[in-house]
Amino acid sequence: MSFTFWLVLVAEEMVTRIVDLRSDTVTKPTEAMRAAMASADVDDDVLGHDPTCFRLEAEMAKILGKEAALFVPSGTMANLISVLVHCDIRGSEVILGNNSHIHIYENGGIATIGGVHPRTVKNNEDGTMDIDLIEAAIRDPKGELVYPTTRLICLENTHGNSGGRCLSVKYTDKVGEVAKKHGLKLHIDGARIFNASVALGVPVDRLVQAADSVSVCLSKGLGAPVGSVIVGSSSFIAKAKRLRKTLGGGMRQVGILCAAALVALQENVEKLGSDHKKARFLADGLNEIKGLRVDTSSVETNIIYVQIEESSRTTAAKLCKDLEDYGILLMALSSSSLRIVFHHQISTSDVQYVLSCFQQAVNGVRNENGN
């Protein structure tokens, strides 16, 4: 192959190939999803008659081992509804991680909309909070009147800001025991709970057995286009449904969206393990590139955090821009760190291509195994 021809091939691939690693929320509906959406049996869900929504909610409740479920437009709404149902008196307090999604990325909704006070406990590197610190943060119900009343503990599994780390059954059960001991409820932000289940080799219902409620995102690892589901007791879901309406989350022929989610449950859960393997393969390869550093021991699921060392000749912003020229889309977290998230539409060939382009962008040396 001549050098000129090689350059033409590379240029064509740079123009046409897109590898989107910004998040697992960027997936496009599969043909099977589109077909299911087009033929979905629907009715008015606000009136309580959408049959495809019923199917999805019943399936999710069964899979997660809870009595009932409720489809909602987003994970943020799912967590907000869950917290507000458990903390139904304004001025209540929730204990949650200082680095949790609910606390950082949900616009302070539990406080601004629900009047719920967040009491943060430091997240460890693996996404857990020390049990003794959780217990110490619980307000004495017989204490002074100046304090808010603790009503809820929130966990996040997998823990996004810790790199998609998994909370074990043993840990979750211990937090559940603390909650019961003090008469509190436990909510799990399970946006990527199926990733945790696959990575740990634990059935998802066992993983959330101690929880009173769980939110599950359908548009992250599962790859559906829209929505989340809340699961819990029948009485909890009845209250959640009323609050969903209050927040503007009641929709009409929602079965069109639920049909895609049902396909995702049938086809994409089994692909999560492959996502994890590809993430670890890329993490190992990136760690070999001079100027980059990845804590490969923390890559348990589909998320990689990449640190750019001071000795490197680039920054996160510049590296993202350089890689975008190759059609690779990433998310810069700071001047020296990047986040990479895998999903089922990233192929093994894509991984090789990304590794090759990273080497080119960081060191100006193209991987001999690259495209």
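User: Contact here means heavy atoms within 4.5 Å. Of the contacts in the protein chain with a separation of 6 or more, what percentage comes from residues 24 or more positions apart?

Analyst: This is a predicted model, in which local features need pLDDT of at least 70 and side-chain atom pairs count only at pLDDT 80 or more, while totals for chains, interfaces and linings use all residues. Residues are numbered from 1 along each chain as its sequence is written, and side-chain values use heavy atoms, with hydrogens and water left out. For contacts with a separation of 6 or more, the share of residues 24 or more positions apart is 72%.

User: How many helices and strands does the protein chain have, and what is its radius of gyration?

Analyst: Helices (H or I, at least four residues) and strands (E, at least two) are DSSP runs, numbered from the N terminus. The protein chain has 15 helices and 13 strands.

User: What percentage of the residues in the protein chain is buried?

Analyst: Buried means under 20% relative accessible area, exposed over 50%, and partly exposed in between (1.4 Å probe, protein chains only). Of the 371 residues in the protein chain, the buried share is 54%.

User: Is K220 buried or exposed?

Analyst: UniProt, in an unreviewed entry, lists K220 for "modified residue: N6-(pyridoxal phosphate)lysine"; such annotations may be inferred rather than shown by experiment. K220 lies in the loop between strand 7 (213-217) and strand 8 (228-232). Not counting residues up to four places away in sequence, K220 touches D24, T25, A191 and R192. Its relative accessibility is 16%, so K220 counts as buried.

User: Which residues does A36 contact, leaving aside its neighbours within four places in sequence?

Analyst: A36 is placed in helix 2 (residues 31-38), and at 19% relative accessibility A36 counts as buried. A36 and L257 are 221 residues apart in sequence but 9.2 Å apart in space, C-alpha to C-alpha. Leaving aside neighbours within four places, the residues in contact with A36 are A259 and V263.

User: Which residue takes a positive phi just after helix 9?

Analyst: Helix 9 (residues 193-200) has the buried residues I193, F194, N195, A196 and S197. These pack against helix 3 (51-64), helix 10 (204-207), strand 7, helix 12 (255-267) and helix 13 (272-287). Just after helix 9, a positive phi of about 70 degrees is taken by G201.
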